[in-house]
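The sequence and the structure are shown first.

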Amino acid sequence: MSTTGRELVRGLRLLLALGVTTTLVLLFAYRGVHDDTVPLASSSAPGVLAVDTAHHALRAAHRAIRDGGPRGDLSSEFHTQVSVAHQSLAVAASKNVLGVAGRHDLQTVTGLISVYSHWVERWGKEEHGALGTAYLHYAEQVLGSRPVPAGGDVMSRLAALRQGQLDEAERQAAFTRPLRLGWGAVAVLYCALLLVLLHTQRFHRRRFRRAVQPQLLVATALCALGVPALGWITLSAQRATAAALEEIRVPAGRPNGVPLAADRVQDLLAGADRWRSLSDGVLFAGGAVVALAVWALWPRIAEYRWKGPR
């Protein structure tokens, strides 16, 4: 084999090694970000907001009975708000943010709400006297309006559940050290692959007197445009997840603040599924670059093998 043939073989081997390695590292780095963006959008953020809704509903329910008294608005507003709390906790359970432990906590909170409602109903039947006062005292202890040992009240458990879900959301939104290292490796490999493609194109033009090798040109374009585009998408997604996390980190001060926060989170993370689906395109584009390199160089290598030294 002539020197030209050996150089072509070395160039092809280098392109194959860089193409495969860049594709795999890019896939890892890309999915490392976007695989967590989808559950943040569909599970963790809605779960936190559902707990916030339940919290506000229970506060509103207790205000209704305190303002209305035993013969007041107990049969309508109170039951409406308790129903909202139950529905919100059902939504939180369906999101399954914390797995089995989270479902167990939600079942416990749901049971405590039923106990709270029971004491309120007993209080509603007592218009005057110490017995009615005792029932209201028990109800407020279960709810958390009065101190109760070991945080065994509804509000304390809701706060702990919210914090657990928020911790999971923060983990999903974090740009961790392995991801930073992964994207740093992508940048290095991308530059190396692009330089080798350009060098191979130049070598082909100089040795074979052809201005452009079409397959190498397409491979270079895929590399030059594809990796920066995916990097920009990932940067935009990371900014969106950080903004969404800020929306849910601090509980809304008013009940109407929860749906507003939910709408903002939905707008910020509306493209999460689309962003993640592009990871399939990473494999396709990487395979295309490798295939184009083989298509461009293998026929030349075969020619020199048949012709032998000259």
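## The α3 and α4 pair

In this predicted model, the axes of helix α3 (residues 99-124) and helix α4 (residues 130-143) come within 8 Å and cross at roughly 160°. Because angles over 145 degrees count as roughly antiparallel, α3 is roughly antiparallel to α4. The crossing of these two helices, α3 and α4, is left-handed.

On the α3 side the contact is made by Leu 112, Val 115, Tyr 116, Trp 119, Val 120, Arg 122 and Trp 123, which meet Gly 132, Tyr 135, Leu 136, Tyr 138, Ala 139, Val 142 and Leu 143 of α4. Sorted by class, the residues in the contact of α3 with α4 are 12 nonpolar, one polar and one charged.

## The α7 and α8 pair

For α7 and α8, the axes come within 9 Å, with a crossing angle of roughly 170°; these helices are therefore roughly antiparallel to each other. From α7, the residues Ala 240, Ala 243, Ala 244, Glu 247 and Ile 248 meet Ala 261, Arg 264, Val 265 and Leu 268 in α8. The class count for the contact of α7 with α8 is seven nonpolar, no polar and two charged residues.

## The nonpolar cores

The largest nonpolar core holds 49 residues, of which Leu 15, Leu 26, Trp 183, Leu 197, Ile 248 and Leu 297 touch the most other members. Two or more residues are given to this core by each of α1 (3-68), α5 (154-173), α6 (177-208), α7 (214-249), α8 (257-268), α9 (272-277) and α10 (279-307), and α1, with 14 residues, gives the most.

Leaving aside residues up to four places away in sequence, Leu 197 touches Leu 15, Leu 216, Ala 219, Thr 220 and Cys 223. There is also a second, separate core of 28 residues, which includes Val 51, Ala 54, Ala 92 and Leu 106.

When residues up to four places away in sequence are not counted, Leu 189 touches Leu 18, Thr 21, Thr 22 and Val 25.

Conventions: Residues numbered from 1 in each chain as written. Predicted model: local features only at pLDDT ≥ 70, side-chain atom pairs only at ≥ 80, totals over all residues. Heavy atoms only, no water. Core = buried A, V, L, I, M, F, W, Y, C linked by side-chain atoms within 4.5 Å. Buried < 20%, exposed > 50% of the residue type's maximum accessible area, 1.4 Å probe, protein only. Helix = DSSP H or I, 4+ residues; strand = E, 2+ residues; numbered from the N terminus. Contact = heavy atoms within 4.5 Å. Axes fitted to C-alpha atoms, helices over the stretch in contact; angles between N-to-C directions. Parallel < 35°, antiparallel > 145°, perpendicular 65-115°, else oblique. Left-handed = near helix turned anticlockwise from the far one by under 90°. Nonpolar A, V, L, I, M, F, W, Y, C, P; charged D, E, K, R; others polar.
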